[in-house]
Amino acid sequence: QLRIVESGGGLVQPGESLKLSCTLSGAALDSLAVGWFRQAPGKEREALLCVNKGIVDSEKDRFYISKDYAKNTVYLQINSLQSADTGVYYCAVKLTWSCTANSEAYDYWGQGTEVTVSA
């Protein structure tokens, strides 16, 4: 059975950086698509970045996604954190290899890790 464990969230100050982890068990990372999503308070869940067999890492604005095959882990680095980054960050796994921003296409979800950006 595939399991997802996210970690790395917490309370941070504006301007700081944070690295979130998504560790998988029960499935090999190279056969899956893994995406990071964020849900801010009162808002809908939004897609951030995704990796799959063909995407080793990717960057968008202040967000950077990468993976470590040896640790079966996908990371999300967030730089220059802002109060608008506050929310719950989720890691999701799609059993077919293609990345998509459509959250409904993902098959497994982690419990989420909470990030609070505040001075």
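**Entry 1: salt bridges**

I count a salt bridge when a side-chain nitrogen of Lys or Arg is within 4 Å of a carboxyl oxygen of Asp or Glu. I keep in mind that this is a predicted model. Side chains of opposite charge can pair when their charged atoms come close.

How many salt bridges does a search of the whole structure find? I get three.

I start with Glu46 and Arg38. Their side chains meet at 2.7 Å, N to O, and that pair is a salt bridge because the distance is within 4 Å. Glu46 is partly exposed, at 34% relative accessibility. Arg38 has 10% relative accessibility, so I log Arg38 as buried.

Arg38 has another partner. I find a salt bridge from Arg38 to Asp85, with the closest N and O atoms 2.8 Å apart. This pair links distant parts of the chain. Arg38 sits in strand S4, while Asp85 sits in the loop between S8 and S9, 47 residues away. Are these two residues buried or exposed? I note both Arg38 and Asp85 as buried.

I then checked Arg62. Arg62 also forms a salt bridge with Asp85, and here the closest N and O atoms are 2.8 Å apart. Arg62 lies in the loop between strand S6 (58-60) and S7, and Asp85 in the loop between S8 and S9, so this bridge ties together parts 23 residues apart in sequence. Asp85 counts as buried because its relative accessibility is 1%, under the 20% cut-off.

I put the pairs together. Arg38, Glu46, Arg62 and Asp85 form one network, joined by salt bridges that share partners.

**Entry 2: disulfides**

I turned to the cysteines. The count is two disulfides.

I looked at Cys22 and Cys91 to begin with. A disulfide joins them, with S to S at 1.9 Å. Their link is left-handed, with -60° about the S-S bond. It connects distant parts of the chain: Cys22 is in strand S3 (residues 18-25) and Cys91 in strand S9 (residues 87-94), 69 residues apart. Cys22 is buried, at a relative accessible area of 0%. Cys91 is buried as well, with 0% for its relative accessible area.

Cys50 and Cys99 form a disulfide too, with their sulfur atoms 2.0 Å apart. I read -80° about this S-S bond, and the link is left-handed. This pair also links distant parts of the chain. Cys50 is in strand S5 (residues 46-51), and Cys99 is in the loop between S9 and strand S10 (108-109), 49 residues away. How does burial look at each end? Cys50 is buried, with a relative accessible area of 11%. Cys99 is partly exposed, at 27%.

I wrote down the pattern, with bonded cysteines counted along the chain. It is 1-3, 2-4.

**Entry 3: nonpolar cores**

Which residues have the most contacts inside the largest nonpolar core? I list Val34, Trp36, Leu76 and Tyr89, in a core of 25 residues. The elements that give two or more residues to this core are S3, strand S4 (33-39), S5, S7, strand S8 (73-78), S9 and strand S11 (113-117). S3 gives the most, with four residues. I also found a second, separate core of six residues, which includes Ala33, Phe37, Tyr90 and Tyr106.

**Entry 4: Lys67**

Lys67 lies in strand S7 (residues 63-68). Is Lys67 buried or exposed? At 13% relative accessibility, Lys67 counts as buried.

I then listed what Lys67 touches, leaving out residues up to four places away in sequence. The residues are Leu29, Val51, Asn52, Lys53, Ile55, Val56, Thr73 and Val74. I also checked the spacing to Asp30. Lys67 and Asp30 are 37 residues apart in sequence, and 9.7 Å apart in space, C-alpha to C-alpha.

Where do the polar atoms of the Lys67 side chain point? One lies 3.1 Å from the backbone oxygen of Ile55. The Lys67 side chain also makes a polar contact with the side chain of Tyr69, at 3.0 Å.

Note on methods
Residues are numbered from 1 along each chain as its sequence is written. This is a predicted model: local features need pLDDT of at least 70, side-chain atom pairs count only at pLDDT 80 or more; totals for chains, interfaces and linings use all residues. Side-chain values use heavy atoms; hydrogens and water are left out. Buried means under 20% relative accessible area, exposed over 50%, partly exposed in between (1.4 Å probe, protein chains only). Contact means heavy atoms within 4.5 Å. A polar contact is a pair of N or O atoms within 3.5 Å; within protein, one must be able to donate a hydrogen and the other to accept it, and residues adjacent in sequence count only if both atoms are side-chain atoms. A disulfide is a pair of cysteine sulfur atoms within 2.5 Å. A nonpolar core is a set of buried Ala, Val, Leu, Ile, Met, Phe, Trp, Tyr and Cys residues joined through side-chain atoms within 4.5 Å.
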